[in-house]
Amino acid sequence: MNCPRIVVSVFGLLLAGSVFHLAAASLPALPKHQEITPNPAGPFHVSGNNILDSKGHVFLLRGTQLTDFHLKTVERDNRAGDDFGPHSATSLSAIRLRFNMNAVRLPVDILESGAPEYFSELANVVRRANQVDLLVVLAAREPGAGLPSSETAEFWSHCAAYFKDYPNVIFDVFSDPSPSALPAGTGDPHSRAGWTVWRNNMQGLVKVVRAAGATQPIAVTAWKDDRTFEGADSEALIDDTNIIYEASPRFGNIRTDAQRRVQFGLLASLVPVLASGWDLELDDASACAAVPSDPSVAAALVQGNLDYFDAHQISWSASTFEPGKLIVDLSYLDASTLDNGWTCGGSGRPSAGLGRLIQGHMRASVQRGLFVVSGSGSPDVARGGLSIAYGPVMAAYDAKPTKSPAPLSLGRIAVRVTDSLGATRPAGMLWTSAGWGQTNFVIPQESAVGPAVMTIVREDGSRSSSNITIADTAPGFLTGISCRGPALGSITKILADGRTSTSAISSCNGTHCRAIPIPIVSGSGATVRLVASGFRHAASAQDIDVNIAGVRVPVVSYGADQYPGTDFVEIKIPDTLRGLGETDLVGHVNGRVSNAVRINLGGEKPAL
């Protein structure tokens, strides 16, 4: 479920593609139909064992953990270039779209919060995540403390006051309660006495948050041991109606449903439960020793947890969005895999991890089978829009068309799309790979929206299929490589003699792409035509929201472009943004976010 990488030419348009060299495998039947994880729509509140959004809909967190927020690493964590910081808009939009997630957990060190700029810089990360439709769980850490001190309480008096008006934020008041911090003589931390100590400490922090005027849900974390919420009963519950109970389960101790039930399943029947940070911990030799060495057995263990969480309506955040965990690297942001094995405590390349397992579950696709992405890298694809399928394409040879319209077969294979009404139509084909690789194709314009299936039909009669979701709109901005980096597009200038001059806003040399400064003159701004996909069925230009550096800019026009599957979105950049330099551009249409891309605004900065 990664985005395009190798650049190929289709009817003169640069599109990207990625070739995977994977061993062939037998393909089981497709799992249930695909579902797009709902956007966060706070403010949230708790009712029984459910988290409800502002519309009264049940909301389940499906997310990952970010690397810790630190002031000293802000620039590095937000960087954009040949690779991208874990807190950048590019990385965050990849979490939302490529992984179909709707939440991130952001650990913060309470001892660093005294710096004057601390909360404003933290808020920048929160706003970036919220902008790409991710809920943020702010998770407080007090290094060296097994139970919260007055410093944690002081932190929350400021933090809760700062973020009290952020509807898509949840507060995790203390991330690391340790049984080692229990007063002498308490005994078993999972006894009534142990849970009383835990409850009293968490209750105190909850009161601080509420005293600051914050009404958002608060997460309280179980003991950080191998038993999590084991032994917790109604007497351990916090005296507040808006509480989420958070566990950090370890795979070695939740191999069966019976173990899961004891640790957090029983509690989940009473209150909302969030399972956070769970991972195979392959980088930890001790934890890794409990993981079966056979990748298929380890994958089944992971799937068992995911299925249990789904069946019992348990929210979760998996692993960490960093190389060697959920992803291989911060350049292409490709998901990690268990397929090639691992060395416990080692750092093999590419790094092993849960990435593809999580993606497969969130996309309802078969592990090592076909999977499909839109021009943004998302699982939903627009009718009439560009789509890219990866996996066992098995064309007779690499092929691309030489003229328009897009052919209905290429390289001795064809693509069929069966929509939610059961109608099957051929798809126009733009590129196809021999062996395991990719095929680029166009979703038939007449397709009905909803759950669907795309199928590759080969000349020998063999087939491979994948679940997809067809929508009227699935916004994506095309780039030179891998759905991220500088946007493809052009700017047209009117010269003094009335002639026009059109130039590109980005260029690529191999896999290195750069955003070319767009000349913006005071008093006139600039009009830019972006190459896109999935916009053509928007109701109007007013329904398309394009933001540059968090500022909404006018959409002048949009529609189908001359190349199959692609659209254009023409925007007017106001001269107030001139001289901003390279920054992020993000779009929304019909409640769906695009990938974050880069654009470079030149000209002289406006006078203050």
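Which elements do the buried residues of helix 5 pack against? In this predicted model, they pack against helix 4, strand 8 (169–172), strand 9 (218–221) and strand 10 (243–247).

**Helix 5**

Helix 5 contains 20 residues, and the distance from its first C-alpha to its last is 28 Å, close to the 28 Å expected at 1.5 Å a residue. Its buried residues are Gly 194, Trp 195, Val 197, Trp 198, Met 202, Gln 203, Leu 205, Val 206 and Val 209. After helix 5 comes Gly 213, which has a positive phi, near 95°.

**Two helix pairs**

Helix 4 takes part in two of the contacts described here, one with helix 5 and one with helix 3. The table sets out the geometry of each pair.

| Pair | Axis distance | Angle | Crossing |
|---|---|---|---|
| Helix 4 (residues 150–163) and helix 5 (residues 192–211) | within 8 Å | roughly 30° | right-handed |
| Helix 3 (residues 118–131) and helix 4 | 11 Å | about 50° | right-handed |

The axes of helix 4 and helix 5 cross at roughly 30°. Helix 4 is therefore roughly parallel to helix 5, as angles under 35 degrees count as such. On the helix 4 side, the residues that meet helix 5 are Thr 152, Ala 153, Trp 156, Ser 157 and Ala 160, and their partners in helix 5 are Leu 205, Val 208 and Val 209. Sorted by class, this contact of helix 4 with helix 5 has six nonpolar residues, two polar ones and no charged ones. Leu 205 and Val 209, which belong to this contact, are also among the buried residues of helix 5.

Helix 3 and helix 4 pack at an angle of about 50°, which makes helix 3 oblique to helix 4. Helix 3 contributes Tyr 118, Phe 119, Ser 120, Leu 122, Ala 123 and Val 126 to the contact, while helix 4 contributes Phe 155, His 158, Cys 159, Tyr 162 and Phe 163. By class, the contact of helix 3 with helix 4 has nine nonpolar, two polar and no charged residues.

**Met 454**

Elsewhere in the chain, Met 454 lies in strand 20 (residues 450–458). Is Met 454 buried or exposed? Met 454 counts as buried because its relative accessibility is 0%. Val 417 is 37 residues from Met 454 in sequence, yet their C-alpha atoms are 4.4 Å apart in space. Setting aside neighbours within four places in sequence, Met 454 is in contact with Leu 370, Val 372, Ala 389, Val 415, Arg 416, Val 417, Phe 441, Ser 464, Ser 465, Ser 466 and Ile 468.

Notes. Residues are numbered from 1 along each chain as its sequence is written. This is a predicted model: local features need pLDDT of at least 70, side-chain atom pairs count only at pLDDT 80 or more; totals for chains, interfaces and linings use all residues. Side-chain values use heavy atoms; hydrogens and water are left out. Axes are lines fitted to C-alpha atoms, for helices over the stretch in contact, and angles run from 0 to 180 degrees between N-to-C directions. Helices (H or I, at least four residues) and strands (E, at least two) are DSSP runs, numbered from the N terminus. Angles under 35 degrees count as roughly parallel, over 145 as roughly antiparallel, 65 to 115 as roughly perpendicular and the rest as oblique. A crossing is left-handed if the near helix is turned anticlockwise from the far one by less than a right angle, and right-handed if clockwise. Contact means heavy atoms within 4.5 Å. Ala, Val, Leu, Ile, Met, Phe, Trp, Tyr, Cys and Pro count as nonpolar, Asp, Glu, Lys and Arg as charged, and the others, Gly among them, as polar. The expected span of a helix is 1.5 Å times one less than its number of residues. Buried means under 20% relative accessible area, exposed over 50%, partly exposed in between (1.4 Å probe, protein chains only).
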